Amino acid sequence: MKEEVQLLIDLQELDQHIISGRKKQDKLREEQSDLTVKTDKLSALIAQLDAEIATIEDERGEVNQALLREQDNVEKAESRLPEIKTQKEYLAILKEVDVAKKQTKDLQEILQGRDEALNTLKEDRDEKQQELDALKSTCDSRCNEIGDLLNEIDESLVSEDSKRAGLIEKVPTTIRKRYELLLKRRNGTALVEARRGTCTGCNMHLPPQFFNSMLKKQSIDSCPHCNRLLFIMPEGE
Ligand SMILES: [Zn+2]
């Protein structure tokens, strides 16, 4: 096989490796950012629930204070009853007690409603917190793994890039330009084998005369259908 052909085969193989390394890195970074986004969303949700809980707890505190005041009013009014002299005074105090008791009952109902709302929110918050804890522990171990993998790929990419630079400079300029262009346009596959009269890039049949002349020349050609660079394996290899 001609040296130039072998050179391109090596280059294409290396490029495929480099491209798949970069794709792996992209996927890993995406996974990493997905995990971060999920964690951030859950944390924000928990903060929001905490704020709602705090507001309701404040309200609950105020209602409770009002309730204590009304209960105090009832007690005070009732304690005045033994000293009452007239029927009119007696009725007035009874009315006062009634009003305060009604207020107390209303406030107790409000308080109960607040407590129910608090319980629901707290349950929700605890659930989200558990989810977040689980996610964080997954995140910690997986993010470390991802970091290691990214470094590993980085290291091999550095050596592959320098190996590539060494190969590409040996490729004649015209072929090099076409190769680089095809690499971009054809999704990382610029060079393919012509096998049994077919381009293995686009799977189209090559004109018999074209294929026969390739067999004879044993050099690089272009697929008349997809334009990719074609090489042919010598018989017996
Ligand atoms: Zn083709």
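This report covers the domains, a set of paired strands and the zinc site of a predicted model.

## Domains

The domain assignment of the protein chain gives two entries: domain 1 spans residues 27–165, and domain 2 spans 175–231. Taken over C-alpha atoms, the centres of domain 1 and domain 2 are 66 Å apart.

## Strand β1 and its partners

Strand β4 (residues 229–231) pairs with β1 in the parallel sense, over 3 bridges. In this pairing L191 stands opposite L229 of β4.

Strand β2 (residues 198–199) pairs with β1 in the antiparallel sense, over 2 bridges. Here C199 in β2 is the bridge partner of A194. The hairpin of β1 and β2 has 2 residues between the strands, and R196 takes a positive phi near 45 degrees in this hairpin.

## Zinc site

The zinc ion is coordinated by the SG atoms of C199, C202, C223 and C226, at 2.3 Å. The angles among the 4 donor atoms are 105 to 113 degrees, and the site is tetrahedral. For reference, the ideal angle for four tetrahedral donors is 109.5 degrees. The donor residues of the zinc ion follow the spacing C-x2-C-x20-C-x2-C in sequence. Within this set, C199 in strand β2 and C226 in the loop between β3 (221–222) and β4 are 27 residues apart, and the pair links distant parts of the chain.

Buried means under 20% relative accessible area. C199 counts as buried because its relative accessibility is 0%. C226 also counts as buried, because its relative accessibility is 5%.

Conventions: Residues are numbered from 1 along each chain as its sequence is written. This is a predicted model: local features need pLDDT of at least 70, side-chain atom pairs count only at pLDDT 80 or more; totals for chains, interfaces and linings use all residues. Side-chain values use heavy atoms; hydrogens and water are left out. Domain bounds come from an automatic or database domain assignment. Two strands pair if DSSP finds at least two bridges between them. Helices (H or I, at least four residues) and strands (E, at least two) are DSSP runs, numbered from the N terminus. Donors are N, O and S atoms within 2.8 Å of the metal (3.2 Å for Na, K and Ca); water is not among the atoms, so sites may look incomplete. Four donors count as tetrahedral if all angles lie between 85 and 135 degrees; four count as square planar and six as octahedral if opposite donors are over 155 degrees apart and all others between 65 and 115; anything else is irregular. Buried means under 20% relative accessible area, exposed over 50%, partly exposed in between (1.4 Å probe, protein chains only).
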